[in-house]
Amino acid sequence: MDTVRYGSRGNGVLLLQLALKREGSYRGELDGLFGTRTLNGVRRFQSAHGLTPDGVAGAKTNAAAEPYLSGYIRVKLRPGDSFYRLAKRFGTRTEALVTANPGLDPADLPVGAEITVPLGFPVVPTDAPFSSGLLGFIAEGLRARYPFIGVSEAGRSVLGKPITVFTVGRGDARVLVAAAHHANEWITSTLTLDFLETYAAAYSAKASVEGRSAAALFGRVKLILVPAVDPDGVDLVNSAISKKGFARALSIAEGYPDIPFPQGWKANAEGIDLNLSYPADWEEARRMKFAEGYTRPAPRDYVGSAPLEAPEARALYELTLREDPDMVIAYHTQGGEIYPRYKDIEPEGSAEIAKAMAEVSGYEVAEVPDASSRAGYRDWFIDRFRRPGFTVEAGRGRNPLPLSSYGELRRDNFPLIVTAMEKAGRKKA
Ligand SMILES: [Zn+2]
């Protein structure tokens with residue numbers, strides 16, 4: 001986190017506001033504007049944490065604030081400490097401590113050892129715009145709080161951001177969920193990560209998720225989640241990109257004055273549409289998009305100069321080949337539709353799965369519009385593997401969907417994901 005002070009604005013301020021809100025020192029908006037309320041919040045936070053209350057968030061204040069983004073702290077055990085007492089002291093639950101410290105016997109805690117203390121709130125915020133910076137804290141926090149979640153990198157974006165991959169579950173059936181192929185559909189990152197955390201919490205509490213036993217799903221399915229295929233584009237749309245990245249995108253956007261900037265941006269940082277990047281009738285996609293005028297880097301709809309030219313698409317392509325999934329779901333917004341086919345290819349079982357997903361979400365199973373039926377991730381997956389692959393156009397409204405629509409997204413899509421996992425698990429069993 002960078003040093004921010006009165007008058008600063010941007011994603012650094014927003015992350016600070018989120019941290020202070022969770023900690024309790026700040027009660028204002030998460031708007032990225034460092035005004036009087038944020039100033040007072042920083043002073044309150046500094047006083048509460050033994051720091052000089054100068055209202056400037058520099059290295060020490062940021063270091064004290066970061067646990068409120070990653071959702072955990074490390075604590076050295078003192079004589080007399082128990083999980084019960086620590087839970088009371090840090091406002092968390094005993095079970096969360098047991099989950100986060102699987103190597104320790106709660107009845108015999110070694111004095112002097114450092115343990116992970118999860119803080120009493122979910123790591124994934126559903127009230128803040130998503131960014132690659134936030135994803136870094138989420139990845140660190142979920143790994144610490146739920147050591148059974150695997151975190152790795154499938155590759156790097158144009159601007160060097162990790163394409164983060166989460167894995168959970170030890171079943172034979174592999175379900176790969178990819179979100180935010182398109183920058184201004186970033187709310188799908190929030191959605192899929194919130195699902196991951198909810199599922200992990202249910203599993204560790206031996207509870208259910210959407211009415212199904214989390215342990216049963218965990219035993220049958222390996223869930224592979226790529227929450228942000230286009231981290232740079234997401235950063236651009238949410239004012240979290242570097243100055244250089246912004247300037248480059250702006251110069252591309254200036255050639256397309258009819259597309260709102262940056263809110264209409266779907267592409268990666270080089271102006272390639274990642275969901276027109278896969279080797280599935282890519283030449284025909286190119287011909288069609290060129291005819292529409294997308295003949296050079298653009299905020300959307302430019303296919304690139306060759307399939308998989310964009311490092312983000314290549315990373316997901318290679319991950320998919322390695323993981324060999326039984327099913328994929330590509331999350332987009334919006335429209336409340338599920339696309340189960342590629343051209344006339346409908347893999348075995350996919351009609352039934354799509355119908356079940358539609359039933360629990362209230363979405364419609366739809367024919368893919370001809371203009372978007374080539375060179376997409378689902379197209380390529382179905383063509384290559386002949387296994388069920390779905391695009392879900394989640395939510396209704398106008399992209400980017402606002403966070404005020406999040407409750408509805410969650411309500412409709414958590415059961416959809418669980419249904420997909422259950423179907424994949426049953427098929428494999
Ligand atoms: Zn999309």
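The model is a predicted one. The chain is divided into domain 1, covering 11-67, domain 2, covering 72-118, and domain 3, which is made of 132-233 together with 309-428.

**Helix 16 and helix 8**

- Two packed helices are described by the angle between their axes and by the distance between those axes.
- Helix 8 spans residues 187-204 and helix 16 spans residues 406-428, and their axes come within 10 Å while crossing at roughly 55°.
- The crossing in which helix 8 passes helix 16 is right-handed.
- On the side of helix 8 the contact is made by I187, T190, L191, D194 and F195, while helix 16 contributes Y406, L409, R410, N413, F414 and I417.
- Sorted by class, the residues in this contact of helix 8 with helix 16 are seven nonpolar, two polar and two charged.

**Helix 16 and helix 14**

- Helix 14 is formed by residues 350-361, and its axis and that of helix 16 come within 8 Å, with a crossing angle of roughly 155°.
- Helix 14 and helix 16 are therefore roughly antiparallel to each other, because angles over 145 degrees are placed in that class.
- The crossing of helix 14 and helix 16 is right-handed.
- From helix 14 the contact involves I353, A356, M357, V360 and S361, and from helix 16 it involves D412, N413, P415, L416, T419, A420 and K423.
- In the contact of helix 14 with helix 16, seven residues are nonpolar, three are polar and two are charged.

- F261 and P262 are joined by a cis peptide bond, for which omega is about -5°, and P262 is found in the loop that runs between helix 11 (243-253) and helix 12 (282-291).
- N399 and P400 are also joined by a cis peptide bond, with omega of about -10°, and P400 lies in the loop between strand 12 (389-394) and helix 16.

**Positive phi outside glycine**

- K206 is not a glycine, and yet K206 has a positive phi of about 55°; the residue sits in the loop between helix 8 and strand 6 (208-209).
- K206 counts as exposed because it has 10 C-beta neighbours inside 10 Å, where 12 or fewer is the cut-off for that class.
- R386 is likewise not a glycine and has a positive phi of about 55°, and R386 is found in the loop between helix 15 (377-385) and strand 12.
- R386 counts as partly exposed, because it has 14 C-beta neighbours inside 10 Å.

- R74 belongs to strand 1, which consists of residues 72-76.
- R74 is exposed because 10 other C-beta atoms lie within 10 Å.
- When residues up to four places away in sequence are not counted, R74 touches E114 and T116.
- R74 and P260 are 186 residues apart along the chain, and their C-alpha atoms are separated by 44 Å.

Note on methods. Residues numbered from 1 in each chain as written. Predicted model: local features only at pLDDT ≥ 70, side-chain atom pairs only at ≥ 80, totals over all residues. Domains from an automatic or database assignment. Axes fitted to C-alpha atoms, helices over the stretch in contact; angles between N-to-C directions. Helix = DSSP H or I, 4+ residues; strand = E, 2+ residues; numbered from the N terminus. Left-handed = near helix turned anticlockwise from the far one by under 90°. Contact = placed C-beta atoms within 7 Å. Nonpolar A, V, L, I, M, F, W, Y, C, P; charged D, E, K, R; others polar. Parallel < 35°, antiparallel > 145°, perpendicular 65-115°, else oblique. Buried ≥ 20, exposed ≤ 12 C-beta atoms within 10 Å, placed from the backbone.
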